[in-house]
Amino acid sequence: MAAKNKDLVREQTSDALNSEIDQETLYHLRLAANNPRLIDERLELLNDEWDMERALELNASTLAFTGVILGAFVNRKWLVLPAVVTLFLAQHAIQGWCPPLPILRRLGFRTRQEIDKEKFGLKTLRGDFKKSSTEGDAAWRAVNK
């Protein structure tokens, strides 16, 4: 049985913060709908945007590496840091939450699915999909409220 492709990070993020992120996405889509010349520029920015997973991986690897170096050259007790970071990564993989997640979300990191939804909306506005597409029509109506 295939697992449903759920966005665990969104499920673990407050409704208020998810709403802020969604409103910013709609803002960019409405801006593009009113000025189609911005679509390609925005898509380029989205291609370079770091998602939550990438930010979390960099954060974890930096902390783990720091703990190993400090453990090797300062005090072995620092080796607890990479162990804790590893547990946080496992917790994130299972639950979609770990202690750095709320901080990273507040800093503006979005999930890959959130970024892809904006990209899909922009490509729909640009006309990349068939005009008769139900999803395309729904995206167009959402942007032009």
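A: Axes here are lines fitted to C-alpha atoms, for helices over the stretch in contact, and the angle between two of them runs from 0 to 180 degrees between N-to-C directions. The model is a predicted one. Two packed helices are described by the angle between their axes and by the distance between the axes.

The axes of α3 and α7 are 10 Å apart, and the packing angle is about 160 degrees. Angles over 145 degrees count as roughly antiparallel, and α3 and α7 are therefore roughly antiparallel to each other. The crossing in which α3 passes α7 is left-handed. On the α3 side, the residues that meet α7 are I39, D40, R42, L43, L46 and N47. On the α7 side, they are I115, E118, K119, L122, K123, L125 and R126. Sorted by class, the residues of this contact are 6 nonpolar, 1 polar and 6 charged.

Another partner of α7 is α2. Helix α2 covers residues 15-34 and helix α7 covers residues 112-126; their axes come within 10 Å and cross at roughly 20 degrees. Because angles under 35 degrees count as roughly parallel, α2 is roughly parallel to α7. Here α2 passes α7 in a right-handed crossing. From α2, the contact takes N18, I21, T25, H28, L29, A32 and A33. From α7, it takes E114, E118, G121, L122 and L125. The class count for the contact of α2 with α7 is 6 nonpolar, 4 polar and 2 charged residues.

The largest nonpolar core has 9 residues: L29, A32, A33, I39, L43, L46, I115, L122 and L125. Helices α2, α3 (38-48) and α7 are the elements that give two or more residues to this core. One of its members, I39, is in contact with A32, L122, L125 and R126 once neighbours within four places in sequence are left aside.

L38 lies in helix α3. With a relative accessible area of 26%, L38 is partly exposed, since that class takes values between 20% and 50%. The C-alpha atoms of L38 and H28 are separated by 9.4 Å, and the two residues are 10 apart along the chain. K6 lies in the segment before α1 (8-12). Its relative accessible area of 43% makes K6 partly exposed. K6 and Q113 are 107 residues apart in sequence, yet 9.4 Å apart in space, C-alpha to C-alpha. Not counting residues up to four places away in sequence, K6 touches E11 and Q113.

The axes of helix α4 (residues 52-73) and helix α5 (residues 80-95) come within 7 Å and cross at roughly 160 degrees. It follows that α4 and α5 are roughly antiparallel to each other. The crossing of α4 past α5 is left-handed. Here E53, L56, A60, L63, A64, G67 and V68 of α4 meet L81, P82, V85, L89 and H92 of α5. The residues of this contact divide into 9 nonpolar, 2 polar and 1 charged.

There is also a second, separate core of 7 residues, which includes V9, M52, L56 and C98. C98 is placed in the loop between α5 and α6 (100-106). At 1% relative accessibility, C98 counts as buried. Apart from neighbours within four places in sequence, C98 is in contact with L56, F88, Q91 and H92. C98 and L87 are 11 residues apart in sequence and 9.1 Å apart in space, C-alpha to C-alpha.

As for the chain as a whole, it has 8 helices and 0 strands. Buried residues make up 32% of its 145 residues. Of the contacts between residues at least 6 apart in sequence, 72% join residues at least 24 apart.

Terms used:
Residues are numbered from 1 along each chain as its sequence is written. This is a predicted model: local features need pLDDT of at least 70, side-chain atom pairs count only at pLDDT 80 or more; totals for chains, interfaces and linings use all residues. Side-chain values use heavy atoms; hydrogens and water are left out. Helices (H or I, at least four residues) and strands (E, at least two) are DSSP runs, numbered from the N terminus. Angles under 35 degrees count as roughly parallel, over 145 as roughly antiparallel, 65 to 115 as roughly perpendicular and the rest as oblique. A crossing is left-handed if the near helix is turned anticlockwise from the far one by less than a right angle, and right-handed if clockwise. Contact means heavy atoms within 4.5 Å. Ala, Val, Leu, Ile, Met, Phe, Trp, Tyr, Cys and Pro count as nonpolar, Asp, Glu, Lys and Arg as charged, and the others, Gly among them, as polar. Buried means under 20% relative accessible area, exposed over 50%, partly exposed in between (1.4 Å probe, protein chains only). A nonpolar core is a set of buried Ala, Val, Leu, Ile, Met, Phe, Trp, Tyr and Cys residues joined through side-chain atoms within 4.5 Å.
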